[in-house]
Every structure is written in C-alpha cells, then in structure tokens.
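The following exercises concern side-chain contacts in a predicted model. Each task is followed by a solution in steps.

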Amino acid sequence: MGYAGRPLLRDVDIAVHRCECVAVTGANGSGKTTLLRAVLGAAQVLGGSLEVSTPRVGYVPQRDSLASVVPATVGEVVAVGRLPLTDPLRRLRPSARRADREAVAAALDLVGLADRARTPMAQLSGGQQRRALVARALVAEPELLLLDEPTAGVDARHQRVLAEVLDRMRRAGVAVLVVTHEPAALAGAITRSLAVADGRVGTVAA
Amino acid sequence: MSDLLTVLDYDFMRRALLAAALVGVAAPLVGTFLVQRGLSLVGDGLGHVALAGVAAGVLTGTAPRWTALVAAVGAALLVEAVRTRGRTGGDVALAVVFYGGIAGGVVLMSLAPAGTTTNLEGYLFGAITTTSPGDVRVFAVLAAVLLVVVTVLRPWLFAVAVDEEHARAAGLPTRALTSALAVLTAVTVVLSMRTVGLLLISALMVLPVAAAQRVCRSFGPVVVAGSAVGLVASVGGVTVSAAAGTPSGGTIVLLALAAFALAVLVGGLRRRGLSRSWAGTATRGARP
C-alpha cells in the first residue's frame, strides 16, 4: 500500500470482522493512516487485494478542526453523515427528514454535544469538533467504522464516553478499525491491536 | 422618487430590472459554494474565457451567449479536472486557461470584419439596458435551472464544499458534484455577463455571500440571505444607475460592497453586544 507507485506498507495480511474493534498503533509516519486510507480507496493497493464487504462505511478523519469559511452549525455538519442513506426524492418526504433529524440528535447526544446542534462549528474547541466528526460518522449507520486519532484533543471524560460508544457499536455488529496514539484511552472497546513499524503490520500480544 | 418610478415606464428598463433580479438571486446561490471551497475568484477566470466564446460567436455569426456558454462550460470542466488530479502547478494551469481566454477573446474580436458590431465594452462591463425580450426568456430559463439544481443538490454540494475528503470516503459522487458545480458556475457567468459584465461577475457571486456570512450563523440562512442581498444590489444598482447616469455593472457592485460594509458593522455590533452580555453575566456570577 502506498502512493504514486511507492509502497509504504508491505506484506499486509489482516482482516477486521464484525463485532471487532481493532486498534492500529505506531510511530508518526509509520503508515497507520495509509492503512486506513487504503481501505477508503484514497491510497493505492500496489499488490495483492483488499476487500471491503460493505458500502456502509463511517469515517472520522484526522483533522485538528473543520474550519468552515461560510458559517456551518454542528447540526448541519453532522447531518452530512446521513447523505449516503438518502437521495433527493427521499428527502421530499417529511417522515424521512424527521428520521434524519432524530438520527442527528441521537448521535450528538451520544458524544455529549446534544446542546450544541445550533452552535457554529468554529465556536467549538478542537476536542468538541473531533466529537462532532464522530457523530457525523455514527449517523451514517455504518457497518464498518474507521477512525483516525479520534481521541486527539478530547478530554478524559469524553474519551471514556467515546470508548463506551465504540464498544456499543462493536457489540451491535459494527467492525471498528481505529488508528490511535492513545490505545489506553479506548481500552474498554479494543478487542485486538496491530502495530505498524518498518513498513509492516504486526499483531500486538494481548 | 418620481424620477426613479418613471424608469418603470420604459420597456427596456422593465426588462433590465427583471434581468437584474434573476441574476441577483442566482449568482450568490452558486457563489456560496465557491466561497466555501475557497474558489471565490474562479468566476472571474471563467469570465475571461467566456470572452473568447463571445468573440467566436461574433466571428461566426452565432449568438454570443451560446458560444460563451460552451467556452465557459468547457473551461470550467477543464479547471475541475486539473484541480482533482492535483497536478503540481495547478494554479499555473488555471492562469494559462484564464489569461489565454481573455487574450484570445481580444485578438479574435480584432479579427472581426470591418463594420461588425462587437460591443466588447458591453460584454466586459455589462450592458443591461440592451436586454431584449429573447434575452429575458433565456435568463429566466437559466436562472430557473440554477435555482432548481442548487435547491435539489444543496445538501450534497454542502457536503463536498465543507469536507471533500469525508464526502468521498462516505461514497458520495464527489467528482460528479464538483463537475456539476463547475458547470453551474459557468452558466452563472454567462447569465451575468449582460448585467455586470465579465470583469465584475465574481463580485456579484461573492460579495452578497460575504455580507450574509457576517450576520448569519449557519449555512442555510447564508444561502438565502446571500440571494436576498444580491437581489437588492442588482435591482437597486440598475435603478440608481438609470437615475444617476452611471454604468449599471459598476453601480451594482458598489451597492453590493456597501451591503458588505454594513454587514461588517452590524456583525461587529452584535458580537460586541454579546460580549458585553457575557461579561455582565460573569461579573454577576462572581459577586459573593
């Protein structure tokens, strides 16, 4: 796996199944995000094969903030997560729009931002914005959830909340793959760990 | 006031006001997404290319609005292809397309046979009082198409504008959406060239949005408020220019600038009022 024909990861032989929460750890620049981006189709698979058995993928990117030139509220950004589940005709139905609003409200409640739906994203702290992006991934009702450093900038209390959310998702049948520098923060959810080093992916003993 | 009202007595002024209203509402609709994506000046560049299309129309005896539309749409899709492929020097490629367009347009215009009416100045700076009944019908259809497409696709265009990486990862058709926005921008440029001219078109797409985002807290209201500001600036600008004898394109843009300045003032006063309210609350809370 790599970019522009240059491999960054070699001999990758892993599988992530439903009801698993797999953490990927490693030093900066080791290729953790490349593994995630390969699953998303944003990095090249230069040899072998990669199979993603579901189109319902939720993704939380590694981003310090989601700066919006034109003001956008938390609710508006999180609602974007519902778009893979809808189409212009469906959106004409009041029942569909109500279901979307309820899903957004539930996701915001899960990540502790229930009272921030009408707040402009720019007014949130970095950690709060990261939680909003998690909510955006959750409203998509994913079967595969990919998270890149979801706890960066998040306070300890909400790291525990996030761990509980991921564990709940896992138990409900979602496959979770999370890149993290802080596996201890998500220990309550993680079922297996992988370590990326020297361009290879290895299993971390329990 | 009576002088202002008498402008409505003339057919050409009623057509001009109607054309201004259509453009004033439509241009900021598309402009909101361009501003969000950091592409505020792409309308300016497409205007340059549209001039080459106008020149081709003049030389071939084809209605310039259609040849301008073909040129602008082609350039918009080319620019989008360059951007998405992420080639180094993408901004250089854009400069080549845009400046090649305006240079080509000026040179092609000079090749028109002697006696051919080119009206170059009108295309560059606008000539809304020359709007014909046929022009109004075309404007109405183009504006209606813009309004319907933006309204239907707004959530998807917003998703791509705010976070294209996530939209792609979520399986949204990002390439089709960004190409659609490029085509909508080209249509807006051609729609607006008679109103404010090809050199000022970006102003009408961007300034009303810039004003709206100073006073609105969320994306939906910015879209609506931007069109409202665009409508007032366009119709107001044509009216004032008729009364004062000033060029309509420049007058419209100056009114849009005035709206932006007013929005900056109002937004600043609101934030100061909110700050004082929070400070007062904190002070009352601190009292024993």
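**Exercise 1.** Is A:Arg90 buried or exposed?

*Solution.* The relative accessible area of A:Arg90 is 17%. Buried means under 20%, so A:Arg90 is buried.

**Exercise 2.** Describe the salt bridge between A:Arg82 and A:Glu141, and the accessibility of each partner.

*Solution.* Step 1: the N to O distance is 3.0 Å. Step 2: the pair links distant parts of the chain, 59 residues apart; A:Arg82 is in the loop between α2 (74-79) and α3 (94-110), and A:Glu141 is in the loop between α4 (126-138) and β5 (144-148). Step 3: A:Arg82 is buried, at 7% relative accessible area. A:Glu141, at 42%, counts as partly exposed, because that class lies between 20% and 50%.

**Exercise 3.** Locate the salt bridge between B:Glu164 and B:Arg37.

*Solution.* Step 1: these side chains meet at 3.4 Å, N to O. Step 3: both residues are buried. Over all chains, the whole structure contains 13 salt bridges.

**Exercise 4.** Which residues do ring pairs link into a cluster in chain B, and how are the rings arranged?

*Solution.* Step 1: three aromatic pairs are found over all chains. Step 2: B:Phe33 and B:Phe219 have ring centres 5.5 Å apart and planes at 50 degrees, so this pair is tilted. The pair links helix α2 with helix α11 (residues 219-244), across 186 residues. Step 3: B:Phe158 and B:Phe219 are also paired in a tilted arrangement, with 4.6 Å between centres and 55 degrees between planes; B:Phe158 lies in helix α7 (residues 133-162), 61 residues from B:Phe219. Step 4: B:Phe158 is buried at 6% relative accessible area, B:Phe219 counts as buried at 1%, and B:Phe33 is buried as well. Step 5: the cluster consists of B:Phe33, B:Phe158 and B:Phe219.

Conventions
Residues are numbered from 1 along each chain as its sequence is written. Chains are lettered from A and ligands numbered from 1 in the order in which they are written. This is a predicted model: local features need pLDDT of at least 70, side-chain atom pairs count only at pLDDT 80 or more; totals for chains, interfaces and linings use all residues. Side-chain values use heavy atoms; hydrogens and water are left out. A salt bridge is a side-chain nitrogen of Lys or Arg within 4 Å of a carboxyl oxygen of Asp or Glu. Helices (H or I, at least four residues) and strands (E, at least two) are DSSP runs, numbered from the N terminus. Buried means under 20% relative accessible area, exposed over 50%, partly exposed in between (1.4 Å probe, protein chains only). Rings of Phe, Tyr and Trp (its six-membered ring) pair if their centres lie within 6.5 Å; planes under 30 degrees apart count as stacked, over 60 as edge-to-face and the rest as tilted.
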